[in-house]
Amino acid sequence: MIEINQDAFEKELASHENLVLDFYSTECPPCEALAPKFDSLAGLYGQDIRFVKIFRQQNRELAERLGVKSSPTLLFFKNREQVGDVLTGGIRRSEIMRNLDAMIDDHRVKEIRHSVKPVVTDTEVIVLGAGPGGLAAAIYLAQAKVDTILVDPLLPGGQVSTTHQVSNYPGFVDPLPGFMLAHHMAEQAKVAGAKMKVAVEINKVDLEKKEILIDGYETIRAKKILISTGASPRYLEIEGEREFHGKGISYCATCDAKYYHDKDVVIIGGGNTAVEESEFISKFASKITMIQQLPHLTANRSAQERAMADPKISMLFSHEPRGFYQKGDKMVVRVENLENGETNDILTDGVFVFVGMNPNLDLIDGPLEMDQWGYLKVDQDMRTNIPGVFAAGDVVSKQIRQITTAVSDGTIASIVITRELQ
Ligand SMILES: Cc1cc2nc3c(=O)[nH]c(=O)nc-3n(C[C@H](O)[C@H](O)[C@H](O)COP(=O)(O)OP(=O)(O)OC[C@H]3O[C@@H](n4cnc5c(N)ncnc54)[C@H](O)[C@@H]3O)c2cc1C
């Protein structure tokens, strides 16, 4: 793999049938996450495909010409033409391999795949999940000189990365954008010495053996595992929801509210998240209809009062959505009035769904004890029922799920783990 500048790009393109170009920047956590994957794939595919890196800040002209707007961005070229996907953000090894495979013949793909050697990495603790719970644990563990690997299928930060503003995490006088708080936590964990394997594919988690398989070839073995995999937005599971997810239906205000400037929006839900996020969406949208199945909101009182006082927000109580449809470039929300059973359609530009969360445990095998909602049962030291397996944060069965409570769980688990390892 070589590093070039924009003047050398045309020559590289002309002299190599297959080329992959990585636009990177400094102080860019997703670029740091990509670098080892790019290096190792250059080793595997280097005979067939030219791997080239370019520093985006010093080669803006080429970046603009190629439509590159963020770092890292990976572009693929075959016979001088751009092909395949434009990969950005937390790029996974499997996504890169899929694009590389498409550039070469099947026979070579098989040979290359065959040549991938399994790797085994030993550590003392695997922390599954780099949200606030996992990051707090990693900070404590690494500062106590416990060899720790944090593993996450996404970039670090968890739900905090997609939270617009955080105003209740101690230590910051002014509200802090969620992604900045996540960034500070992740950097603190790295500086403490925690190793990160992020934006990876998690293929298998064996809690009994304390072993996980990532990216199809790397086994990480540990003495203890901490599960801090958090929770994800719950689906309504009604007609059209999956179909229009990302195409008119969103679960993240921070990510998508900006697309609804001066538009009409429907919000489903009436709890804390729905009401707090409605305040943020109200900065963009011209009209918001909140649909809540109960005859009242369930968010905390001050948030309720702010939402009720917002002239852009109107409430539709005792109604439940029954389906989502599209009409031209608009969304249709079919709602049922729970008091009289009548249904009617609401035409809107977009829908946000905030109806609670589900624990992220899909990839985790093992006889874990859970509560009736599928959250993990732990003792006061954050031990699960499986020896050597701990849990922390939103994935745990408890009443209050906040950043502070996740961080508290991570702290307790890490101190107990450290003592047990001594
Ligand atoms: C819109 C919104 C606004 C919020 N606002 C606030 C607020 O203002 N203040 C506050 O205190 N709290 C707020 N919260 C709640 C807060 O974000 C959570 O309580 C907190 O992030 C929980 O931290 P966690 O580490 O337990 O889990 P998460 O933040 O959910 O992080 C879990 C991590 O685990 C990863 N993961 C998932 N599956 C696996 C797997 N199989 N293996 C490895 N890793 C995995 C995920 O990718 C994620 O990075 C908000 C939540 C939302 C959704």
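How far apart do the C-alpha centres of domain 1 and domain 2 lie, and what makes up the side of domain 1 that touches domain 2?

Modeller: The model is predicted. Its chain is divided into domain 1 (2–115), domain 2 (120–232 + 357–421) and domain 3 (249–353). Between the C-alpha centres of domain 1 and domain 2 there are 31 Å. Each of these two domains gives 8 residues to the contact. On the side of domain 1 that touches domain 2, the elements that supply two or more residues are helix H2 (29–45) and helix H4 (93–101).

The surroundings of the ligand may be considered next. Of the 35 residues around the ligand, those that come nearest are Gly129, Gly131, Gly158, Gly230 and Gly393. Two or more residues of this shell come from each of helix H6 (132–143), strand E8 (148–152), helix H10 (272–281) and helix H12 (403–421). The shell comprises 15 nonpolar, 16 polar and 4 charged residues.

H6 also packs against helix H7 (residues 178–192), at an angle of about 25° and with the axes 8 Å apart. The two helices, H6 and H7, are therefore roughly parallel to each other, and H6 passes H7 in a left-handed crossing. Among the residues that make the contact are Leu135 and Ile139 of H6 and Met185 and Ala189 of H7. The contact of H6 with H7 has 9 nonpolar and 2 polar residues, and no charged ones.

Note on methods: Residues numbered from 1 in each chain as written. Predicted model: local features only at pLDDT ≥ 70, side-chain atom pairs only at ≥ 80, totals over all residues. Domains from an automatic or database assignment. Contact = placed C-beta atoms within 7 Å. Helix = DSSP H or I, 4+ residues; strand = E, 2+ residues; numbered from the N terminus. Near = placed C-beta within 6 Å. Nonpolar A, V, L, I, M, F, W, Y, C, P; charged D, E, K, R; others polar. Axes fitted to C-alpha atoms, helices over the stretch in contact; angles between N-to-C directions. Parallel < 35°, antiparallel > 145°, perpendicular 65-115°, else oblique. Left-handed = near helix turned anticlockwise from the far one by under 90°.
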